[in-house]
Amino acid sequence: MGITGPVAILLGTSYGLTERFDAEYFPFFFWICIWAGLMHMISAMVGLVSLVWKVTPFTSQIFELFIAITFIYAALRDLIAPISWGNQNYQPTRGAEWATLFIGLLTFYVAWLLHFAETWTFFTRQIRVFLESYNTLIAVVIGTAFSYLPGVDQPNNGSGGIDRVNVVAPWDWQPTVDRPWVVNPLEGIDTRGIFAAIVPGFMFFLLFIIDHNVSSILTQAPKFNLKKPPAYHWDFFILGITFIPCAILGLPPGNGLIPQAPLHCRALCTRKFEADKSTGVKRELFTHCEEQRWSGLGQSLLMFVALSMFVVISWIPRGCLFGLFLYLGVGALYGNEIWERILLCFMLAKKRPRIPVVTKVKKWRTTVLWTLIQAGLASAVFGVAQFASVGFIYPALLTALVPVRSYILDRCFDHEDLKYLDPYGETEEEYHEEQEAIHMQKNDSFSEDEMDFPNRAEFRAGGIQKEFRRRHNAETVSQTWPRAGTDTPLASAEH
């Protein structure tokens, strides 16, 4: 559980509604959370969570591309926009602004470089794994250290030097803004504002019914061999309850994180590798998972430790944060299938990897058209979210992609082509094989561990459902299979 990028975008875009309804932000936010929590609980009770199985890669790929574009745009905007261009009006802060830009780019470069450390030929495997696992932390440490070099910090430029993270250090156990801990839901808001909060509350519901449930399904995928069965409706109901303390304390609500939640589950598993007898390809198998609550509790308790480190956090330049946003955006773009198909459009036909959208779709221009539609829709959602006064409706636009795919595009494209353009029933192994083929064809640095780094676009509802059914049937057979010395049901009937 945590605060995702889509939540941050929705909170920012819904902030402007308070001015329209002449309401204070925190009471308005209180009612957003209350309405959203009620919608979560009611939808879980009536079974609406099952609608997430209607989501196809068409929607999840657009969602992932939208997040990538948003992070890249926000990072570059916050790095470049403050810079004073030209010499007409000299600003003493110009040096600090350029230093922030350079620190951001340095942070991004180090994080991106270490992202592929596992593929290096240098150092031992343990060192490479460490560098790749903690690449963002190392990048921030290097960026922060660089910011204190003489001539970079610029403390005498008239504004106190480069901008750093603005936190109260040490923390005095009070909210960071002038307000009480507990929000008064009736102060600074009228009846009109209370009911107007239903709209952004509904947007939270639409966002989480896709984003949270995709995270939940990927975390409880059949491959992890979990013994306790999933309970998606109950999970979503509990998520709705968590909105209530968030409303009271004025805290942003959290949901299942991607990729953190599936990676956490993977880290708790015992794994082994088996080679396919026919192909010789090694497959990773999960033999056991430690299904417990202590690791999640420990992570939450460690958040309190961070409160004692606010002095250290205040050393970090803001450029490092923007550099990390840029890294997250480029990282999401790197594995996005829409972006990969865009790159394939500029590749010679004979050089394209032999993947289904290249070899099995009847005409290449069909793949191009499908890719343009997805890229155009992702750009449209991004434009509304960033530049329109109604940007808070972007979750509704993402949700609307599901019926657009099912009822419009389904009639415009050949059904045989759609099996490969929108591989709803593709298995995880097939997805990973395609990704490996693409990266190998582009001569990219490739690591098997990268294929286990999940994203929203990896969600294949049909393939996961088939695996659930296969596992359920196998367990049913094992439970009903007769023990030695007993009659089979058929034999008993014959007797």
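The legends below describe close-up views of a predicted model.

**View 1. The largest nonpolar core of the model.** This core has 93 residues, and those with the most contacts inside it are Phe-28, Trp-31, Phe-66, Phe-204, Phe-208, Phe-236 and Tyr-394. Its largest share, twelve residues, is supplied by helix α3, which covers residues 25–46. Apart from this core lies another one, of ten residues, which includes Ile-103, Val-140, Ile-162 and Leu-324.

**View 2. Helix α3 and the residue that follows it.** From its first C-alpha to its last, α3 reaches 32 Å with 22 residues, which is close to the 32 Å expected at 1.5 Å a residue. Because 16 of its 22 residues are buried, α3 is largely enclosed by the rest of the structure. After the helix comes Gly-47, whose phi is positive, near 85 degrees.

**View 3. The crossing of α3 and α9.** The axes of α3 and of helix α9, residues 198–219, come within 8 Å and cross at roughly 45 degrees, and this angle makes α3 oblique to α9. The crossing in which α3 passes α9 is right-handed. On the α3 side, the residues that meet α9 are Phe-28, Ile-32, Trp-35, Ala-36, Met-39, His-40 and Ser-43, while those they meet in α9 are Ile-198, Pro-200, Gly-201, Phe-202, Phe-204, Phe-205 and Phe-208.

**View 4. The surroundings of Phe-208.** Leaving aside residues up to four places away in sequence, Phe-208 touches Val-7, His-40, Asn-213, Phe-236, Leu-239, Phe-243, Pro-253, Gly-254 and Asn-255. Among these neighbours, Phe-236 is, like Phe-208 itself, one of the residues with the most contacts inside the largest nonpolar core.

Conventions:
Residues are numbered from 1 along each chain as its sequence is written. This is a predicted model: local features need pLDDT of at least 70, side-chain atom pairs count only at pLDDT 80 or more; totals for chains, interfaces and linings use all residues. Side-chain values use heavy atoms; hydrogens and water are left out. A nonpolar core is a set of buried Ala, Val, Leu, Ile, Met, Phe, Trp, Tyr and Cys residues joined through side-chain atoms within 4.5 Å. Buried means under 20% relative accessible area, exposed over 50%, partly exposed in between (1.4 Å probe, protein chains only). Helices (H or I, at least four residues) and strands (E, at least two) are DSSP runs, numbered from the N terminus. Contact means heavy atoms within 4.5 Å. The expected span of a helix is 1.5 Å times one less than its number of residues. Axes are lines fitted to C-alpha atoms, for helices over the stretch in contact, and angles run from 0 to 180 degrees between N-to-C directions. Angles under 35 degrees count as roughly parallel, over 145 as roughly antiparallel, 65 to 115 as roughly perpendicular and the rest as oblique. A crossing is left-handed if the near helix is turned anticlockwise from the far one by less than a right angle, and right-handed if clockwise.
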